Amino acid sequence: MSVAPSPTAPSSARSSAPTAADLLAFVRRTAADSELIASLPLDPEGRTWVRLEGPGGSEAWLIGWPPGTGTGWHDHAESVGAFLSAAGTLKENSLAARLPTDGWKTLELSDDVDRERELMPGEGRAFGRNHVHEVLNESSTEHAVSVHAYYPPLPRIRRYSRTGDVLRLESVERPEDWQ
């Protein structure tokens, strides 16, 4: 993974905490900035990202996805968020289930919790706290670029593995782990 310089995107002058809907509006506006999207350096081997200034103290990112890359299963803990494909197509697999927030290592999922969404350029979604998902660029030839925003700024990310209907907590990352 590589880190690029940090340009800023438009910010909101709201005095209250941004909602998931506010974050979705922000990622939509930001993705419409074709100059910003084109400025992201793309790497054929791994994801690239640039931190952006999000609305109301939120954390925001512009992310480049080489063909065949993805995040793996994870959540954003107590943060609400939104993301949108600015270029290329992304796939989101998510779980429509309320999971315990702490104190577990392995869960057996019921048959009806899987959700799948394809996000074409200009399409995105907002999500609430403890939303478990994975995001993938399944193209074998095209990069994708997306805009993401989270509030509060990510306190931690929980990473999971999944085998069939079994979801296993593998690790918990905190901001100091990303420095």
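User: Which residue in strand 3 is the bridge partner of R51?

Analyst: Strands here are DSSP runs of E with at least two residues, numbered from the N terminus. Two strands pair if DSSP finds at least two bridges between them. In strand 3, R51 has W61 as its bridge partner. Before we go on, a word on the model: it is predicted, so local features need pLDDT of at least 70 and side-chain atom pairs count only at pLDDT 80 or more, while totals for chains, interfaces and linings use all residues. Residues are numbered from 1 along each chain as its sequence is written, and side-chain values use heavy atoms, with hydrogens and water left out.

User: In what sense do strand 2 and strand 3 pair, and over how many bridges?

Analyst: Strand 2 (residues 48-53) pairs with strand 3 in the antiparallel sense, over six bridges. Their hairpin has five residues between the strands, and there G56 takes a positive phi near 60°. Strand 3 is also joined to strand 11 by seven bridges, again running antiparallel. Look for L62 there: its bridge partner in strand 11 is V147.

User: How many residues of strand 3 are buried?

Analyst: First, the general idea: in a regular strand the side chains alternate between the two faces of the sheet. Buried means under 20% relative accessible area, exposed means over 50%, and partly exposed is in between (1.4 Å probe, protein chains only). In strand 3 (residues 59-65), seven of the seven residues are buried, so the strand is largely enclosed by the rest of the structure. Both of its faces are covered, with E59, W61, I63 and W65 on one side and A60, L62 and G64 on the other.

User: What sits over the ring of W65?

Analyst: A charge sits over a ring if NZ of Lys or CZ of Arg is within 6 Å of the ring centre and within 35 degrees of the ring normal. For W65, it's the charged end of R47, 4.9 Å from the ring centre.

User: How many aromatic pairs are there?

Analyst: Rings of Phe, Tyr and Trp (its six-membered ring) pair if their centres lie within 6.5 Å; planes under 30 degrees apart are stacked, over 60 edge-to-face, and the rest tilted. That rule gives three aromatic pairs. Take F127 and Y150: their ring centres are 6.4 Å apart and their planes are at 55°, so the pair is tilted. This pair links distant parts of the chain, 23 residues apart, with F127 in strand 9 (residues 124-127) and Y150 in strand 11 (residues 144-151). Both F127 and Y150 are buried, and together with F83 they form one aromatic cluster.

User: How many salt bridges does the structure hold?

Analyst: Side chains of opposite charge can pair when their charged atoms come close. The rule is a side-chain nitrogen of Lys or Arg within 4 Å of a carboxyl oxygen of Asp or Glu. The structure holds eight salt bridges. In one of them, E116 meets K91, with the closest N and O atoms 3.5 Å apart. E116 lies in strand 8 (residues 114-119) and K91 in strand 6 (residues 90-95), so the pair ties together parts 25 residues apart in sequence. E116 is exposed at 62% relative accessible area, whereas K91 is buried at 16%.

User: Which residue forms a salt bridge with R159?

Analyst: That's E173, with the closest N and O atoms 2.8 Å apart. R159 is in strand 12 and E173 in strand 13 (residues 166-173), 14 residues apart. R159 counts as partly exposed, at 24% relative accessibility.

Note on methods: Helices (H or I, at least four residues) and strands (E, at least two) are DSSP runs, numbered from the N terminus.
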